[in-house]
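Please examine the structure shown below.

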Amino acid sequence: MITKTLSATVWEENADGALIQEDGIIAEIGTYGVLRRKHPHVPVVVSGREVMLPCFVNAHHHVGLMPVQLGSPHMPLELWFVTRMAARNVNPYLDTLYSAFEMIGSGITTVQHLHGWAPGRLPDVEKRAGEVIRAYEEIGMRVSYCFALRDQNRLVYQADQDFVASLPPELRGPMQRWFDRFQLTLEDNLDLFRSLHGTHNPKRRVRVQLAPANLHWCSDKALAAMAELSRSHDAPIHMHLVETAYQKEYARRRGGGTAVEYLDRFGLLGPNMTLGHGVWLNEKDIDRLAETGTCICHNCSSNFRLRSGVASLNRFEAKGINTAIGLDEAGINDDRDMLQELRLVLRAHRVPGMGDDDVPGMGQVLRMATVGGARTTSWRDSLGTLEVGKGADLSLIDWDSIAYPYLDELTPTLDAVVQRAKASAVRAVMCDGEVIYQEGRFTRVDRDSVLKALHDDLSRALADDEVERRQLSKALLPHAKRFYAEYIDPSRHELFYRPSSRV
C-alpha cells in the first residue's frame, strides 16, 4: 500500500498492507494478516499480488469522443475552436460513458467534468447536463460537474456581432445561426447552477461547481455573479486561464494588466478557485496565487497537443501552490490514461541541473493526481489518501506486470509503479467502498453494449445542421487566422516564438 505522499520524494508505504471499508469510508488500516484474523468473514477483493494506491482524480475533463475522432485536428487552440464547430451531434450519455470507461480503467474514480457548448434554451441544457451526470452515476464514478459559463466573445477574442460583421456577406448568416444555437442568458446560467446544485449536490458521488469558462468568455457582470455564487454556496470554481499567449494579450488589452490581476478585482482568488492551464502566468501572478491559496490544474498533454506552451510547474511547486493533473479530453496517446499522464508530468519538467528539489519526483506526481486533484473539488481533503476516516476510493495494480521478468529490490515501489505501470495492469478500482471495475469488467455497465450503441448512433447520415457547420468551419478558418495574425506584439511576450528565415 502507498497510503499517502509526504513530499515530492517521500511517501508512506505499508509492505503488507490492507484496509477495511465500511459504508464507503476507510474504517481500519493494518497488515493483511492482522485484519484477516480480526475480520475472517469480510470479502477480500483481490489476490494480494497488487499495489494499492489512493484514487486518481482527473481534475479537468470535457468530453468523451476525442476531437480527432470527430474530425477536428489538433491545431493551435484559437484555431481549434473553429475546427471543433464541425463535430457531430453526439449523445451526451453515451459520450460520457465512453470516457468514463477509459478513466476508470486507469485508476480514476473522480472527475471534474467541465461541460459546455450545449445548444438550446435552459430546459434543453439542463436535460443534457442531467444525461452527463446520469452516466457517471450509473457507472459508479464521483463527478464534480460544472457548466462552463460563456456570455461574450464566443468564437474569437472579439464581440460576436463585430466578428460577424467582419466576415464576407455569404458567411454572416451561417455564423449568426451558429451563435444563435446557444441561447442561455447570464441569468439562465446562474439558474442552471442553482437548480443542479439543489438537485445533485446532496448525493454521495455528485457535486456541482462553478465554471466561468475563461476571462475572454466572461463579462464583468458574469465574473461578479460567479464570485457571489461561490461565496453563498461555498462552491469551488474551475476556470481556464492564460492557456495561450493570445489569452495573455487579451487580458492586457481588457484590463491593462494580467488575467490574475483582473480576477483579483472580483475577489475570485483563493482556495475555492482552480485555474486550468496557467501556462502564461508571470512571477508576480504566481506569487499572488500562492499568497491567496489558489489552485492550479496542470494539463500537460493538452498544452503540448494545442501548442499552448509549457506551464511553470516547478515554480508553482516551489511557491507551495496546490497543483492537480487534468487530462483535458485526452492524454498524449489520445486516451484517458492517468498512469501515462503521471509519466509525462514527471518527464516534461526535468530542467537541467543536479538538485532533487528542482524537478518533479514520484511523490509529487502522485500527490498531484490524488490529494491535489481532490482539493480542487467539493470533496477537498476527504479523498486522495488511504487513511482511516477518508473515502474508500482506491485502485489495485498488478505487481507482476510491473516487476516481471525482473525488478531489482533496490527500486522503490512507487518508482516502479509510476515509471512502469500500464492501464492494462489495473486489476480493480473501488469508489466510495464499491468495486466498480475488476479484471477488465465494469461491474455496473456493459461496455460492449454502450460502445455498440455509440457506434450505431454515429453511423447515421449527417443532419442538415451538421453539414452547414462543417462547411462553415472550413470557410471560417482563414478568417480566424487573419484575426490572430497581428494580435500579438512579440516585444510584449518575450517567450512567444516567431520563426525566422535565417538559420
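The questions and answers below take these topics in turn.

Me: On what basis are residues numbered, and which pLDDT is needed for local features?
Reply: Residues are numbered from 1 along each chain as its sequence is written, and side-chain values use heavy atoms, with hydrogens and water left out. This is a predicted model, in which totals for chains, interfaces and linings use all residues, side-chain atom pairs count only at pLDDT 80 or more, and local features need pLDDT of at least 70.

Me: How many aromatic pairs does the structure hold?
Reply: Rings of Phe, Tyr and Trp (its six-membered ring) pair if their centres lie within 6.5 Å; planes under 30 degrees apart count as stacked, over 60 as edge-to-face and the rest as tilted. Ring pairs link Phe81, Trp117, Trp178, Phe179, Phe182 and Trp217 into a cluster. The number of aromatic pairs in the structure is 17.

Me: Which class describes the pair of tyrosine 157 and tyrosine 484?
Reply: The ring centres of tyrosine 157 and tyrosine 484 are 5.5 Å apart. Their planes stand at 80 degrees, so the pair is edge-to-face.

Me: Where in the chain do tyrosine 157 and tyrosine 484 lie, and how many residues apart are they?
Reply: Helices (H or I, at least four residues) and strands (E, at least two) are DSSP runs, numbered from the N terminus. Both tyrosine 157 and tyrosine 484 are buried, where buried means under 20% relative accessible area, exposed over 50% and partly exposed in between (1.4 Å probe, protein chains only). Tyrosine 157 is in the loop between β8 (142–149) and α5 (160–166), and tyrosine 484 is in helix α19 (residues 464–485). The pair thus links distant parts of the chain, with a separation of 327 residues.

Me: Which parts does the pair of tyrosine 246 and tyrosine 487 tie together, and how many residues apart are they in sequence?
Reply: Tyrosine 246 and tyrosine 487 form a tilted pair, at 6.4 Å centre to centre and 40 degrees between the planes. Tyrosine 246 and tyrosine 487 are both buried. Since tyrosine 246 lies in helix α9 (residues 245–255) and tyrosine 487 in the segment after α19, the parts tied together are apart in sequence by 241 residues.

Me: Which residue has its charged end over the ring of tyrosine 487?
Reply: A charge sits over a ring if NZ of Lys or CZ of Arg is within 6 Å of the ring centre and within 35 degrees of the ring normal. Arginine 134 lies over the face of tyrosine 93, at 3.8 Å from the ring centre. Over the ring of tyrosine 487, at 3.9 Å from its centre, sits the charged end of arginine 253.

Me: How is α7 oriented relative to α8?
Reply: Axes are lines fitted to C-alpha atoms, for helices over the stretch in contact, and angles run from 0 to 180 degrees between N-to-C directions. Helix α7 (residues 186–200) and helix α8 (residues 220–233) have axes 11 Å apart and pack at an angle of about 15 degrees. Angles under 35 degrees count as roughly parallel, over 145 as roughly antiparallel, 65 to 115 as roughly perpendicular and the rest as oblique. The orientation of α7 to α8 is therefore roughly parallel.

Me: How are α14 and α17 oriented to each other?
Reply: The axes of helix α14 (residues 338–348) and helix α17 (residues 413–420) come within 7 Å and cross at roughly 100 degrees. Contact means heavy atoms within 4.5 Å; Leu342, Arg343, Leu346 and Arg347 in α14 meet Val417, Val418, Gln419 and Arg420 in α17. The two helices are therefore roughly perpendicular.

Me: Is histidine 298 buried or exposed?
Reply: Histidine 298 belongs to strand β13 (residues 295–298). Beyond residues up to four places away in sequence, histidine 298 touches several residues, including Asn303, Val345 and Met368. With a relative accessible area of 2%, histidine 298 is buried.

Me: Is arginine 307 buried or exposed?
Reply: Arginine 307 is found in the loop between α12 (300–305) and α13 (313–318). Its phi is near 60 degrees, a positive value in a residue other than glycine. Because its relative accessible area is 66%, arginine 307 is exposed.
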